[in-house]
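Hello,

Here is the structure I promised to pass on. My notes follow below it.

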Amino acid sequence: MRNLFRLTWVLIRNARNPIASGKRGGLKRALFILLIALAFLPLMVQIGVLADKALDVLGPIGQKGMLLAFAFSLTSLLILTFGIPSVLVVYYFGSDLESLLVLPLRPSVLLTAKFFTALVVEYAAEALFLVPVFAVFVMHAGFSGPLILSAAVEIGLHTMTDPV
């Protein structure tokens, strides 16, 4: 299991930033991540504005929950649209398989690590869409910042300490 998480981390790290590799890539890596974050910020703001306007329309008729249903439906479509090329890139067009086969790992660990890599990429794409919608929904519900933070900490502690 330890090898699985290490290999997944290596695959994600190698796939996410081919520009800044090596030991001297710290500043390049930070600038690249900042550039990507700034590139997606207008998209997230527009999704938040759209969700705000949708809640203004759905609120008076008592259908605020429809926004979440619509967001989940669009996220499912997003996962379907970007999931197929992502899986193709990770499994079939990846050039790392030749170097991974010589490692003393079982083939199931290799396949599972590649699956987790595709899963993390899909979750990142999903977060770009769902985080603004959830933020606007929570603001319209009247929750305060400290309440949201304490609930996130409680959920995190509960999932880390609760046995499965």
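Leaving aside its neighbours within four places in sequence, which residues is Lys-114 in contact with? They are Leu-11, Val-90, Tyr-91, Asp-96, Leu-97 and Leu-100; contact means heavy atoms within 4.5 Å.

First, the ground rules. This is a predicted model, where local features need pLDDT of at least 70 and side-chain atom pairs count only at pLDDT 80 or more, while totals for chains, interfaces and linings use all residues. Residues are numbered from 1 along each chain as its sequence is written, and side-chain values use heavy atoms, with hydrogens and water left out.

Back to Lys-114. It sits in helix 5, residues 107-141. Helices are DSSP runs (H or I, at least four residues), numbered from the N terminus. Lys-114 counts as buried because its relative accessibility is 4%. Buried means under 20% relative accessible area, exposed over 50%, partly exposed in between (1.4 Å probe, protein chains only).

Next, helix 2. A kink of about 30° lies at Leu-41, shortly before Pro-42. The bend is the angle between axes fitted to the seven residues ending there and the seven starting there. Buried residues in helix 2 include Arg-29 and Ile-47.

Last, the rings. There are two aromatic pairs, meaning Phe, Tyr or Trp rings (six-membered ring for Trp) with centres within 6.5 Å; planes under 30 degrees apart are stacked, over 60 edge-to-face, the rest tilted. Phe-72 and Phe-134 are edge-to-face, at 5.9 Å centre to centre and 65° between the planes. This pair links helix 3 (residues 65-92) to helix 5, 62 residues apart. Phe-115 and Phe-116 are tilted, because their planes stand at 45°, with centres 5.8 Å apart.

Best wishes

Note on methods: Helix = DSSP H or I, 4+ residues; strand = E, 2+ residues; numbered from the N terminus.
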